[in-house]
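Please look over the chain shown here before reading on. The report is meant for a reader who is new to it.

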Amino acid sequence: MELEEKNPDPKYGESRKFDPNFKGPIHNRGCTDILCCILFILALLGYFAVGILAWSQGDPRKVIYPTDSRGQFCGQAGTPLEKKRLLFYFNILKCASPLVLLEFQCPTTQLCVESCPDRHLTLVKAKLGNKEDREYYKQYCKDGVDFAKLSPPEILRDSLCPAMLMPSKPFTRRCLPALGTMKGGVVVVGNETSFSDGEGNNINATDVLEASKKSNVVVEARQVAMRIFEDYTQSWHWILLGLVIAMVVSLIFIVLLRFLAGVMVWVMIVLVILVIGYGIFHCFMEFRSLKGEPGADVTIRDLGLQTDFSVYLQIRQTWLAFMIILAIVEVIIIMLLIFLRKRILIAIALIKEASRAVGHVMSSLFYPLLTFALLAIVIAYWAITAVFLSTSNEQVYKVFNKTDCDYSRETCDPKTFNTSNVSAQCPDAECLFAFYGGETLYHKYLILFQFYNVFLFFWCANFVTALGQVTLSGAFASYYWAFKKPEDIPAYPIFASLGRALRYHTGSLAFGSLILSLVQVIRVFLEYLDHKLKGAQNKFAKFLLSCMKCCFWCLEKCIKFLNRNAYIMIAIYGKSFCPSARDAFFLLMRNIVRVAVLDKVTDFLLFLGKLLIVGIVGIFSFFFFSGRIKAVEEAAPSLNYYWVPILTLVVGSYLIAHGFFSVYAMCVDTLFLCFLEDLERNDGSAERPYFMSQNLLSLLKKSNEEPKSVD
């Protein structure tokens, strides 16, 4: 059978010529893009050097433990402060200083203590009171304070004790005043609206409130983070079970797709419509049930940002927004299905052929596990290195004082401070821990190390992805170009393809992933600029930045598409990256109609499969963690935010489904390019037979149909 083809546009290169010796991926090949391979190896060695340097300089304890005025970690195991887990401020009112926002440190003495004060007590009352009061007060003084020998003015002059104690509660490992509100919104501390500070001054509770807010500029964010962390500790085993279920469902779906491709695609389409439809129905029922409820008509804008996200589910506008979004998605999917109904039949035939290929190369279904493992190693190395880099600064001490002093805020050394000129000229000054920094050569280039860490993270992650694409495409190309299937399919095609990719094409994979990484790093930099310019008033700068972000997003998508097809050509012909990318691009442009008709419609159907698995896992996790399934209501953990495990499961199940469906997607793309090559190489005659099946021949005729002209 001979198929007529239009002459391709000469500007997209010449069609492939018939080669009787071509039997699929070429085995006699050489190393490609050697310079880029060497560059990648050197970059990895540099990455390991940065990691070792960061691990030798960094200290993650700075993230975990609060530090006192001497830079010591509160609550650190194996130290004298092991039992003193909480940080106590001598004068919390000093935290209202603008310096807190500049250097993230209160200009007052800070001490590690075992527990926070639970009563109001001044230094004078403690000294004149009974022994119990003095012993209690000493807990919040520096070591070695002798109340019998020193008078209160001397103690306060040397900053040995705070002037007063007030009822406090531990929060993010810091003792903050136990603030509350009475009827009418009056702020109180320990049921008192005002109290003496022990120095003849009267302090209002409102002043303490402002100081407490500024004592920790990220207090709300930390509160949310702590609650989310608690939720993970309570639900991690259920999350793990949900991810295993998502993996099993994905695997079952792929296996069924192998034997019942046509039926499963239609079942998948119907179930996606039903799942989204149920989501619309559920949102409508929640929206209707809140009608007339007190506070349910408050808008999201009026509510503002709340740390308790469950509050948003108590207002009608939230459910209305969810319902509208799901309805729009439902309409878009239905309209696409209507307009693409004929093309869907063609795409199903391509998926059936891909199912046969996967059936003959079953080991390809387990290859995503290797990709997941390698990506996990890359992410873990990047995260650990980033933490050590960010905590590799040294302790910086500065002069803090109450009165005017020429040395105020200058760097000092606590070991020699008492014998220096500063203490002589400024008697009330103290040398306190300010922040972590440094002036060594290492600290000067620390920002470059962080940038290098981010860049190598993108490069390594893209390299792992590229390795998977080349490996799978090489295996599926071996299947396609086997004239007698399965007799002519080589043994262990996945391992053979992986070996060829690592042995010959590490440089080409590094080259393609380097180009993509450069664009991704530029996008990260643009996002950083956008974050910095949020408060700016220059609308033109914002518009220009938005245009650049859009352009680089499009560029990234185009590069990913070109890289993917270039890797397929590398797996088949063994050429270097640039010639392979050119050949793939020209081949696709010579068959642009088929690319638009078949390849993208198939991608859309596979995306619906991912959406179905995510929807199933998301709905069941919602009913479980929200306690709406009576049979397992007692088994569900008690959580601060039940959306935390739900969102984790939704994202995790999508990644798992994407991993399994990426095998099918890569198979479809590989078969499609081989299919186009086959059309150009052969004509269906006895001397030049097609390698494609009869299903693909039928697919070709349908995909190449054009409106007939009227004579």
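Predicted model: local features only at pLDDT ≥ 70, side-chain atom pairs only at ≥ 80, totals over all residues.

Because its relative accessible area is 0%, under the 20% cut-off, Ser-473 counts as buried. Leaving aside residues up to four places away in sequence, Ser-473 touches Tyr-567, Ile-568, Ala-571, Met-666 and Thr-670.

## How H1 meets H16

Two packed helices are described by the angle between their axes and the distance between the axes. Helix H1, which covers residues 34-57, and H16 have axes that come within 10 Å and cross at roughly 130 degrees, and the two helices are therefore oblique to each other. The crossing in which H1 passes H16 is left-handed.

On the H1 side, the residues in contact are Leu-39, Phe-40, Ala-43, Leu-44, Gly-46, Tyr-47, Val-50 and Leu-53, and in H16 they meet Phe-449, Tyr-452, Asn-453, Leu-456, Phe-457, Trp-459, Cys-460 and Phe-463. Sorted by class, this contact has 14 nonpolar and 2 polar residues, with no charged ones.

## Annotated spans

According to an unreviewed UniProt entry, the feature "transmembrane region" is placed at several spans, among them residues 32-55, 454-482 and 646-676. In the model, residues 454-482 are 93% helix and 0% strand, and the end C-alpha atoms of that span lie 43 Å apart. Residues 646-676 are 100% helix and 0% strand, with end C-alpha atoms 43 Å apart.

Methods:
Residues numbered from 1 in each chain as written. Heavy atoms only, no water. Buried < 20%, exposed > 50% of the residue type's maximum accessible area, 1.4 Å probe, protein only. Contact = heavy atoms within 4.5 Å. Axes fitted to C-alpha atoms, helices over the stretch in contact; angles between N-to-C directions. Helix = DSSP H or I, 4+ residues; strand = E, 2+ residues; numbered from the N terminus. Parallel < 35°, antiparallel > 145°, perpendicular 65-115°, else oblique. Left-handed = near helix turned anticlockwise from the far one by under 90°. Nonpolar A, V, L, I, M, F, W, Y, C, P; charged D, E, K, R; others polar. UniProt positions renumbered as here; feature names shortened; annotations may be inferred.
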